[in-house]
Amino acid sequence: MTDILFPPFLTIALTGTPGTGKTEVSKKLEADGYRILHITEFIKAHNIPSERDDERDCDVVDMDALEEAVFEYQQTVRKEFNQKFFDEGLTLADLHKSPETLPVLVIESHLAHYLCDLSVVLRTHPYTLKDRLNERGYSDKKVMENVLAESIDVVLCDCFDYCRRVYEIETTNLTIDETADCLKELIHALYDDELKTYEHLMGKMDAFSSDVAAQQAIAAGLPISDILETYSFEDDGAIVYSDNDDIGDYAEEKNPVLVKYLPGKNDWSELTE
Ligand SMILES: Nc1ncnc2c1ncn2[C@@H]1O[C@H](COP(=O)(O)OP(=O)(O)O)[C@@H](O)[C@H]1O
C-alpha cells in the first residue's frame with residue numbers, strides 16, 4: 001500500500017465548556033456518517049487511569065496515558081481511511097462526496113484541544129449555560145464554576161496555548177442542528193485548506209524528487225503537519241529544506257488564527273492564509 005499517495009488526514013478538536021453542546025452536536029454529525037471520537041466513552045473503554053477530585057466534583061484523567069491511547073487510535077483510523085481510499089480507487093476529488101470518505105476525525109471533549117493542534121470551540125452565553133447546567137442537576141458550585149469559566153474564556157485561552165489554529169462557533173441562538181450544519185461547513189472548509197497545502201507541497205515535491213525521505217513520508221501517508229516539520233516556506237511559497245532547529249521558528253510564525261462564526265454569514269474565506 002505504500003507505493004500510492006494517500007490524502008492528508010485531519011484531526012479536529014470539538015471543545016468548549018460543559019453544556020455548550022459538544023455531545024449533542026457531535027452525535028448529530030456521527031449520525032450523518034462523520035468519524036467522531038467521544039473522549040468520555042474512550043476513557044472508560046480503554047481504562048485510562050483517572051483520580052476522583054471530590055472537592056471539584058470531577059474525575060482528573062492521566063493526560064499522558066490518554067494522549068498515547070488517542071494517538072494510537074488516530075493512527076488506526078488514518079489507516080482505515082487510507083485502506084478505503086485504496087480499495088475503492090478514490091481520488092482527491094472524491095473525498096468530499098460523503099462524510100464516510102472524508103479523512104477527518106473529530107475529537108469531542110472539553111479536553112480535546114490538548115490532543116489536537118486545530119480546535120473548534122462551541123460558545124454559549126453564560127445565562128443560557130447556567131440554565132442548561134441547572135437542568136442537568138449540577139450542584140450550584142459546579143454550575144457557577146462552569147459559568148464563570150465560560151464568561152472569562154477559559155477554554156478559548158487554553159486553545160490558544162495548545163493549538164495552532166482556533167475557531168469559535170457562537171451557538172446561543174442556534175439549534176443543535178444549525179450548530180451541526182455550521183460545524184460540517186467548517187470541517188469541509190478546513191479539509192479543503194489542508195488539501196490545498198498538500199497539493200502545493202506535492203507540486204513542490206516534484207522539484208525535489210531527489211529527496212527520498214520526503215517522498216517516502218508522503219507515500220506513507222504521514223500527516224501534513226509532520227511533513228511540514230521537515231520544510232519551511234519562503235514568502236513566495238518556495239519550499240526550503242530546513243534542519244530541526246528551524247521547526248520552532250516555523251511554528252512561531254504560524255500564530256494561532258481565531259475565526260468567529262457569524263450566524264447567517266457563512267464566509268470561510270478567512271481560512272485561506
Ligand atoms: N444549541 C442548543 N440549543 C438548545 N439546547 C442545546 C444546544 N446545545 C446543547 N443543548 C442542550 O444543552 C444540554 C447540554 O448539551 P451537551 O451536548 O451535553 O453539552 P456538552 O457535551 O458540551 O457538555 C443538553 O440538554 C442539550 O440538549
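**Before selecting anything**

The model is predicted: local features need pLDDT of at least 70, side-chain atom pairs count only at pLDDT 80 or more, and totals for chains, interfaces and linings use all residues. Residue numbers run from 1 along each chain as its sequence is written.

**Whole chain**

Show the protein chain as a cartoon. It has 10 helices and 10 strands; these are DSSP runs, helices being H or I of at least four residues and strands E of at least two, numbered from the N terminus. Of the 273 residues in the chain, 28% are buried. A residue is buried if 20 or more other C-beta atoms lie within 10 Å of its own, exposed if 12 or fewer, and partly exposed in between, with C-beta atoms placed from the backbone. Among contacts between residues at least 6 apart in sequence, 74% join residues at least 24 apart; a contact means that the two C-beta atoms, placed from the backbone, lie within 7 Å.

**The ligand**

Select the ligand and the 14 residues around it; Pro18, Gly21, Lys22, Thr23 and Glu24 come nearest. Here a residue is near if its C-beta atom, placed from the backbone, lies within 6 Å of the molecule. Helix H1 (22-31) and helix H7 (176-207) are the elements that give two or more residues to this shell. The largest share, 3 residues, comes from H1.

Colour the shell by class to see 3 nonpolar, 8 polar and 3 charged residues. Ala, Val, Leu, Ile, Met, Phe, Trp, Tyr, Cys and Pro count as nonpolar, Asp, Glu, Lys and Arg as charged, and the others, Gly among them, as polar.

Next, select Gly19, Gly21, Lys22, Thr23 and Arg136, which an unreviewed UniProt entry lists under "binding site". UniProt positions are given in the numbering used here, feature names are shortened, and annotations may be inferred rather than shown by experiment.

Lys22 lies in helix H1 and is buried because 26 other C-beta atoms are within 10 Å. Not counting residues up to four places away in sequence, Lys22 touches Leu14, Thr15, Gly16, Glu108 and Leu122. Thr23 is also in helix H1, but is partly exposed, with 17 other C-beta atoms within 10 Å.

**Asp62**

Finally, select Asp62, in the loop between strand S4 (58-61) and helix H3 (63-87). Asp62 has 14 other C-beta atoms within 10 Å, so it is partly exposed. Leaving out residues up to four places away in sequence, Asp62 touches Ile48, Pro49 and Ser50. Draw a distance from the C-alpha of Asp62 to that of Asn173: the two residues are 111 apart along the chain, and the atoms are separated by 35 Å.
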